[in-house]
Amino acid sequence: MPTVDLVADLGEGFGAYSIGDDKALLDIVSSANIACGFHAGDPDIMNATVAECVRKGVGIGAHPSFPDLRGFGRRAMDLTADEVRNDVVYQLGALTAFAAYHGGSVSHLAPHGRLGNLVATRADYAEAVADAAARVDPRLIVLAQDGELATAAADRGLQVAIVGIADRAYQEDGTLVPRSQPGAVIHDPAAIVERTVRMVCEGLITTATGRDLAIQADTILLHGDNPGAVELARLVRSELIAAGVTVAPLAQVLAAKQKVS
């Protein structure tokens, strides 16, 4: 039976403002994508989130983005590939320092928001992110959708984990439907759970046009910044386990995958 990682975007508050129930999600997930200050997060939040991950044995992941704090990293920016690389190195370095302080380490990197969308299709941005990861720590696992980033990371000898996003609509080419389009985000909990189990157990997801798309999901992204997120995350985890799926940290998932192959 399949093994899968469950990951959520955490540490996405700023100053006195908070988003989502990170404490509750850390009891559900096996990995965390932690905001590094460019779209959300600050030194205090990064410190507290990393400390909890270490305490609970949750995998620590860097969640770098465009420098777009006001837009939560969801707006495109006209940056050069060199600027993207330097921004990722900066953010990864900050989180790495907090992880080291608490006796842990950063295990993976997952670009956030608009940057995360663009690295699937823009080779220059994908290579910039992959170069940053490979030069800072060649042991890093890169979370990506099928596309340019997955290819660039593999070309540099990095482990790649394909992320499945069950509450987002997919296009037939495997990319996500832009948030600006109707139906881009799926809100029905029953539909999200059904899509997740099918993605993990059958390797298929229904696209926005109604066709089945083959998808490999090493990790499932659970969004934590919307009402009912914690209850939905618990339901997803329980239904996966009921279907015979083992939930484990990302490194263990990839090790099991290599053993099978």
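Colleague: At what angle do helix H3 and H5 pack, and how far apart are their axes?

Modeller: In this predicted model, helix H3 (residues 81-101) and H5 pack at an angle of about 35°, and their axes lie 8 Å apart. The crossing of H3 and H5 is right-handed, and the contact is made by residues that include Val84, Val88 and Leu92 of H3 together with Tyr125, Ala128 and Ala132 of H5.

Colleague: Which residues touch the most other members of the largest nonpolar core?

Modeller: That core has 79 residues, and those touching the most other members are Ile60, Val84, Leu95, Val106, Tyr125, Leu149 and Ile220. Helix H5 (residues 123-136) gives the most to this core, with eight residues.

Colleague: How do you know that the buried residues of H9 line one face of the helix?

Modeller: In helix H9 (residues 250-260), Leu250, Val253 and Leu254 are buried, which means that each has under 20% relative accessible area. Seen down the axis of H9, the buried residues fall within an arc of 95°, and therefore they line one face of the helix. The face turned away from the buried side of H9 carries Ala251 and Lys259, which are exposed.

Notes:
Residues are numbered from 1 along each chain as its sequence is written. This is a predicted model: local features need pLDDT of at least 70, side-chain atom pairs count only at pLDDT 80 or more; totals for chains, interfaces and linings use all residues. Side-chain values use heavy atoms; hydrogens and water are left out. A nonpolar core is a set of buried Ala, Val, Leu, Ile, Met, Phe, Trp, Tyr and Cys residues joined through side-chain atoms within 4.5 Å. Buried means under 20% relative accessible area, exposed over 50%, partly exposed in between (1.4 Å probe, protein chains only). Helices (H or I, at least four residues) and strands (E, at least two) are DSSP runs, numbered from the N terminus. The arc is that of the directions from the helix axis to the C-beta atoms. Axes are lines fitted to C-alpha atoms, for helices over the stretch in contact, and angles run from 0 to 180 degrees between N-to-C directions. A crossing is left-handed if the near helix is turned anticlockwise from the far one by less than a right angle, and right-handed if clockwise. Contact means heavy atoms within 4.5 Å.
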